[in-house]
Amino acid sequence: MDVKGVLIEYEDILPLEGNLADIGHQAGYTKSDIKLIEKAAKENEIEIIPLIQTFGHLEWILKLEKFKSYRDHPNLPVVISPCLNDTYILLQDLLQQTLDMHPNSNKIHIGCDEVMLKNVHSEFSSEAKTTTTTSDEIFASQQLFEILKAFKHSCFNELHTYDSLEFEDEYDNMMDEDSSNESDDVEENQDPDIRNYFTLEEMKSIVKWVDQHPNYIIADLLSSSPPNGTIESKAITNARRLYTSCINESAIEAEGVNVILSFINTELGGWPVLQGSTWNESTFDFAHLMLKLSQYNNFIIYTIKTVVDEKNSSIRSIQISPNIGVQNLIYYAKGIEVIKAKWQFFNDLALALTNDTSKIDDDTIALIEFETEIAEYYVKEHKISFNNTIRTTVGNLSRTVNISSDFNTYLRRLYLFGNVSLINTDIVTVFAPKVVRDISLIIDRQSPRIIQNYMIWRFMVNRVWNMPKRFRDIAQQFNYVLQGTSTERPRSVICASHVSHAMDLAVSKIYINQYFDQDARKEALEMINNIRNIFINMINQSMWMDLKSKIAMINKARAINEKIGYPDYLKNDNVMKLEKDYAEFNFNLSFMPNVLSLIQLHSKRGLRALREPVDRKEWIDITPTQINAIHKLTLNEIIFPAAILQTPLFDKDAPKYLNYGSIGVIMGHEIAHGFDDHGREYDIYGHKVSGWTNETIKAFHERKKCIIEQYDNYTWTQVNRQVKGERTLNENIADNAALKQAFFAYQQWAKTHKNVDKKLPGLAKYSVEQMFFISFGHTCQLDYGSVTSSSISVYIITNEFNFNIFKQYISLKCSPSLFISERK
């Protein structure tokens, strides 16, 4: 008998943790048992398929007093209520923990059978219902699939469920594919359109996308041995070693916190909250502390960056901006629960790291007062000072910004760490100079203990994720309140993400060699050129620009350099550049020392870049394994990484109406950014020199008022807040231009490729134009999951982007000529 897999329904014998820990049976499996089962299955080439019940057959959970309130009927501990948000938090937690314990499983069975919804939960109804409620089934189905879509970081690639979404097992009453009477399988009281709500094809597409998420692919690549006979570069070998040190949790537990605490005590002057009254205030040295943290890439008060100079893109310059307190605005905007959770995080972490608790409460109160002062200052100054910049030189910095000469000394010492001796003529751009100056005055008023505690605390907020699990669990409790994330991602995914950011191009080389279709580059380039040509036509047809401005815009659009997939040298067999870039990256099997070494190397690399020539082939601020795209104004370039040129956003073999409706709109968006209210200030070479005449600029300012006013008129009813039209102006301009470009580019392509695009099975009733907009709508929804009221409030207050649901709706409202009437 040839057995390839085994379906296991664990129920309460699975060793669950956290909020679900009480569910486990005393005679159930331990995690060691699960590992043994996994090992035996792997040795016998058998795949384990975990079966997880989601709405029915949940008596093993609902029988407990703790989960009684989750029942759909208070006296029936079988069906969980689909009307509670907590239901979906519980199901997501159950799914995540099950997947974490089955890293080798590529399939998961979702059980949704034999559910009779009574819908009498006390919060929603006072009268019992005795019939199945189809609308509830649809709602529950939607919410379950939202959970599955949220598993972008998940590892399964096949979903076993029933394509009509009736609550039945996959193997019960399966519909005969040859049956001509499909309605036999639909109950009389069932919505006749329920079969079209989510098709099996749509679910397969979603799950395929989940499976192809780069972090899981990277985890697999880094944990696998290279192909036989392959001699890998030293850079890739070190990337694998860093991943191994990260994934080895037993070694991390054994190492404990000795390395990080020793570093804090010997290099940073200690953490007062851990030392109680024994911390010696006389040893406080603010300049040394700020310098040392900066050398480890932790810019607590000010951010110092080496950037391509905005006035002359052939050189680099220094950029300074305030950093302290920005995150606090988000915390304060989210409300008192987040603030309380943050300081509970601080308190719990301190308690876990020291036996001297004498000063923890006092230090916590002092830090709360300090951060409150900073937050109040930011709120007052936000609209006044943050858009101001000063361009000066190192020699004139103290005088121009009216800041202490100590800051100039700090800046010079910092760059010396990267073997760069600053000269007086080096260019410096200071963002929000008044804020930089005022923050220095606020800090001067604080006691040494407060500042030392604060700066080490900010450092440790990042480092806690590199520490043993008991400390990560403390941080995770805060994350739960902040983001609603109840459990850590699988360790393999965390480590893959960590290594991918740390050694981006080394990881990218093995990623693109195995997972990127080279023909996709050619297809993407053709699309960009088609969309760019439409944009140029739009410029030519505009009536509000004069000829000189049009010529400047067209020349700039034609000169946009497109970078697609990856840097060319990564595909070559010659690895000399890769080896040179990562020559100093040498890791051992001890994770925390590797982390400290890594952040120090990244700091040096950034500082050293000041004296390096600008290479226009270099990829800056984005890597091939990121699902993103950017427009670099100072280089007049757009970048589309390999990871975004994947399904569901792009597939070279898909009908073009799908590609143009998804990745095509993103391409148009990035092109348009070169000509929005910020991009228009940069010329063909990326220099901050506008090619527009004063008359055209004046006309542009008049026309942009319409877009600002239109977006100002939209309100998030959930939080009763208006969209910020001024703040989101550039994104809104890009969104509106993008949809027009992509749609007209597709129409132009279709004229010369008649009858090439085929209809999709089950969607033949839609025209190709309608399919374009369906694809566009799907793309707008990809990042729009369930959001809390506090998240919406913070987003509107702090972000320059609109939620994707607004991108979709308002872009269409602004483009009435693009509406395709519904076919009857």
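This is a predicted model: local features need pLDDT of at least 70, side-chain atom pairs count only at pLDDT 80 or more; totals for chains, interfaces and linings use all residues.
Let's start with a strand pair. Strand E9 is joined to strand E10, residues 427–431, by 5 bridges, and the two run antiparallel.

What is the strand order? It reads E7-E8-E10-E9, an open sheet of 4 strands with mixed pairing. The edges are strand E7, residues 302–308, and strand E9, residues 389–393; each of these pairs on one side only. On average, neighbouring strands in this sheet are turned by 25° against each other, direction ignored.

Next, the helices on the sheet. Helix H16 lies across E7 and strand E8, residues 316–322. H16 runs at about 55° to E7. Then there is helix H17, residues 433–444. H17 lies across E7, E8, E9 and E10, and runs at about 80° to E10.

On to helix H21, residues 504–515.

How many residues of H21 are buried? It is 9 of the 12, so the helix is largely enclosed by the rest of the structure. Buried here means under 20% relative accessible area. The buried residues are Asp504, Leu505, Ala506, Val507, Ser508, Lys509, Ile510, Tyr511 and Ile512. What covers them? The cover includes helix H6 (214–223), helix H7 (234–247), helix H20 (491–502) and helix H24 (576–581).

Most residues other than glycine have a negative phi, and most peptide bonds are trans.

First, Asn402. Its phi is near 60°, a positive value in a residue other than glycine. Asn402 lies in the loop between helix H15 (397–401) and helix H16 (405–417). Buried or exposed? Asn402 counts as exposed, because its relative accessibility is 56%, and the cut-off for exposed is over 50%.

Second, Asp621. This residue is not a glycine either, yet it has a positive phi of about 70°. Asp621 lies in the loop between helix H25 (591–608) and strand E12 (630–632). At 56% relative accessibility, Asp621 counts as exposed.

Third, a peptide bond. Thr647 and Pro648 are joined by a cis bond, with omega about 5°. Pro648 lies in the loop between strand E13 (637–641) and helix H26 (656–661).

Notes
Residues are numbered from 1 along each chain as its sequence is written. Side-chain values use heavy atoms; hydrogens and water are left out. Buried means under 20% relative accessible area, exposed over 50%, partly exposed in between (1.4 Å probe, protein chains only). Two strands pair if DSSP finds at least two bridges between them. Axes are lines fitted to C-alpha atoms, for helices over the stretch in contact, and angles run from 0 to 180 degrees between N-to-C directions. Contact means heavy atoms within 4.5 Å.
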